[in-house]
Amino acid sequence: MPQPVARAQDLLVGYGGAPVCAPVTFTLHPGRALALVGSNGSGKSTVLRAVIGLLEPSGGKLTVLGREVDERTVEFRSAVSSVLDDDAYFPSLSVAEHLYLVARGHGVLDAWDRVDELLDEFGLVDHAAALPVSLSSGQRRRLLLAAGFARPRSLLVLDEPEQRLDRRMLSALTDRLLAEKASGGAVLMASHDPELVRAVADRALHLDDERNELLSAADAATRIARIPA
Amino acid sequence: MSGPARGDEPEGPDELTEPAGPDRDRGPAVSPGEVGDLPSARSIRRFTAAAGKARAGASLTSLLGDVYYAVISVAIGAAAAFGIAQQVRASLPPAPRVAPATSLSLPALVGVALLATAGVLVSLAGRLGPVGAGGAESAWWLALPVGRRGLLRPAARRLPILGALAGGAVVALLDAGLLGDTPRRTLLAAGAGLVVAALLVLLATVAQSVGVPRRRVALVGDVVLALSAVLAVVLALGGTQLAELPVPPGPLLGVGVLLVAVLAWVVDGRLDSMPARSLRESGSVATQAMGAVVSLDSRELGRALTAGSSRPVRRWVSRFHGVRGPATALVAADLAQLRRSPRHVVQLAVAALIPWLATVVPQLANVPGVLVSVLVAGGIASSAAGEGARAGEMNPIIDRMLPLAAKTVRRLRMVVPGAALLVWALLAFAGLGRWAGDPAPWLVLAVLGAPVWAAATVRAAYRPGPNWSKPLVSTPFGALPTGVTTVVSRGPDLVVLCLLPTWIALLLRHVTPTFLMLQLAGAAIAFAVGSSIATGTLMDRLFEASGGAPGSKPAAAGR
């Protein structure tokens, strides 16, 4: 039996000791995708921050690749790729250079070739030499997503990856995530998009402050669609 | 093995344990290409820096020009500051042969001031990190699987060096202005200040590296600041006379330097184990604070230093029992903000002591000494009391949610600062009254002056952003942006003009009924100006009336 990529047992997350949702339990294996769904403020992003080591859990157990989460270790950072809502860029680095920094920083040998492929895939070829300040918010989002795929990984953590993407790009992202699973990568994502959840996730965890519920992707998509806008 | 069909009912959390493929836990499962050796952190830093240099568009000549300009400005500023310090030193009267029962010697006061400075430094170090990674660095560097030491070294050096320079400068100015009789003594004192300041910031860095929360380090600094005030009172009431404040001898300074080197080595060794969450928080605050300093925005600086260092969740929720409507809601919210910021409460307490301290130090108990102490203390107290107004200015939507006219909001925002500054003024002016020999009229003057301080606080909090498009005026200290100075002077202008009767009373060391009447009129004028929602200066409004280019936009409705 292969070891799970991520495992949470009665995980409590929150700020200042106050949990934002009920204890979270899940296990995620290679080649699988788990979606975290729920209304705004239900704790999806907070759980993701704990998984990538940016927030210390206030209770329960959380392991990634069989070890307690410690993002200070090189092994953890080599294995976990995350795309949060960080809208921050080096003002002097072009789009292509940002991607090269990530790829080369992770030891990818033919980094420029990989960067070219990602620029093409994420529709950023025309903006390769542009500085991030000149990009639209959607283009910056595509840059962040491309960076998530520019490096080796065992676990891909995405916080609402559908944000600011047009339908075409969302469809391309869906295909990319399915390919990720097929290659043995695990995906943990928070999402409000029923179609993305239905297409990519194997299961979904509906977060709530009273009780968390493990759902099928289809049920989760239906549940998301019911959440008032 | 494939996963369960979509739409299947899950049987429980462990259903997801079913693997989809073979065990791939040996190295990353997915890779965009062949992976080789990891680059060094230094090469990553250099790659980023090289791109910045390539696109900066700055030639070597312009770079040298900037360095020359900066060096000259700093040198002129330092020379002017030490010139003023020497003048102060020369104008100080000699210490009395027999000190009064309640008094503080100048060396003792300087000792207390140094303790307070240490507290401020620790508090600032805690709030700013000390080590952090800014937005881009934290997003793009910290996730790389390279040692963090190489990435963070420049950031880890920055604050100890800045702190050491600031500490050395403060000690040098205090010593040269109040104590030092030889340049050698002042140099030794400055060296000691430099070393102690560096040690304090490095200790705060070690605390950060072992996971001590930033707010706890900041709290230690705040406590030291409060203790310095208590110590001053105890020393003054006890009539403790310290004849001289010793400066450390050279060898002791050498030991201090050695300690700094050891701590710097310890910090360097711990950079790899700095957690990203701490680096992100600190970097965010430092970036905000740096931006505020560069744009000369003291309000933004205050917000940067306050945010993130307070407890994220309160132990109890205020029920606001006294709230009866929008007006009381606004006042109650302002009061809650002040009450929940221990730093500002400590500042108010310290500010109340400063004028009294000036009156019990024989060499400072004169008109210039007391006047300066009231101005400094009033500035500190006013800044501490204006947290609610500053928050309101930053989030005007909060004000607009209440059914209150913009002018009414401004007036209500004066209530809490008014109350806090009334307490401050009564305590401070009680000391002045004792110094002048007749406390009662000084207390009345304090009551009449408090609304002016409150109005100035609100006016300063709601001042518009700096207008950088206005012309620069060349001064010996460098170019002065007039569009910034006119904005920064909003608030202090009320203190200078509407407290004129108080300043004259201080100069004469005597309060007359006429001064009280005039101060009442000054308070009324300050209240009217503080309630105004116009943001342009008189000159701007004249320009607009004549159809000329306005210097600043009129105030947004509701602000």
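Where in chain A does Asp202(A) lie? In this predicted model, Asp202(A) occupies the loop between helix H7 (194–200) and strand S11 (203–206) of chain A.

## Surroundings of Asp202(A)

Asp202(A) has a relative accessible area of 10%, and therefore counts as buried, the limit being under 20%. In sequence, 169 residues separate Asp202(A) from Ala33(A), yet their C-alpha atoms are 5.4 Å apart in space.

Two polar interactions involve the side chain of Asp202(A). One is a polar contact of 3.4 Å with the side chain of Arg32(A). The other runs to the backbone nitrogen of Ala33(A), at 2.7 Å.

## Chain B overall

Chain B contains 23 helices and 2 strands. Of its 559 residues, 44% count as buried.

Leaving aside residues up to four places away in sequence, Ser123(B) touches Ala218(B), Gly221(B) and Asp222(B). With Asp222(B), the side chain of Ser123(B) also makes a side-chain polar contact of 3.0 Å.

## Interface between chains B and A

The contact between the two chains draws 60 residues from chain B and 71 residues from chain A. About 5500 Å² is buried between them, and carbon and sulfur atoms give 62% of that area. Polar contact is found for 16 residue pairs across the interface, both members being at pLDDT 80 or more. Helix H1 (41–56), helix H4 (135–140) and helix H9 (276–294) of chain B are the elements that each give two or more residues to the side touching chain A. H1(B) provides the largest share, 6 residues. By class, this side of chain B has 31 nonpolar, 13 polar and 16 charged residues.

There are 3 salt bridges between chain B and chain A. One of them joins the side chains of Arg280(B) and Asp86(A), at 2.9 Å from N to O. Arg280(B) belongs to helix H9 of chain B, whereas Asp86(A) lies in the loop between strand S8 (80–83) and helix H3 (95–105) of chain A. Arg280(B) is buried at 17% relative accessible area, while Asp86(A) counts as partly exposed at 23%.

## Salt bridges within the chains

Over all chains, the count comes to 30 salt bridges. In chain A, Asp87(A) pairs with Arg140(A), their closest N and O atoms being 3.1 Å apart. Asp87(A) lies in the loop between S8 and H3 of chain A and Arg140(A) in helix H5 (residues 137–149), so the pair ties together parts that are 53 residues apart in sequence. Asp87(A) is partly exposed, at 39% relative accessible area, whereas Arg140(A) is buried, at 19%.

In chain B, a salt bridge connects Asp268(B) and Arg153(B), with 2.7 Å between the closest N and O atoms. This pair links helix H8 (residues 250–270), which holds Asp268(B), to helix H5 (residues 148–179), which holds Arg153(B), across 115 residues. Asp268(B) counts as buried at 18% relative accessibility, and Arg153(B) as partly exposed at 29%. Elsewhere in chain B, a network of salt bridges links Asp297(B), Arg299(B), Glu300(B), Arg303(B) and Glu393(B).

Conventions: Residues numbered from 1 in each chain as written. Chains lettered and ligands numbered in written order. Predicted model: local features only at pLDDT ≥ 70, side-chain atom pairs only at ≥ 80, totals over all residues. Heavy atoms only, no water. Helix = DSSP H or I, 4+ residues; strand = E, 2+ residues; numbered from the N terminus. Buried < 20%, exposed > 50% of the residue type's maximum accessible area, 1.4 Å probe, protein only. Contact = heavy atoms within 4.5 Å. Buried area = accessible area lost by both parts, 1.4 Å probe. Salt bridge = Lys/Arg side-chain N within 4 Å of Asp/Glu carboxyl O. Polar contact = N/O pair within 3.5 Å; in protein donor to acceptor, adjacent residues only side chain to side chain. Nonpolar A, V, L, I, M, F, W, Y, C, P; charged D, E, K, R; others polar.
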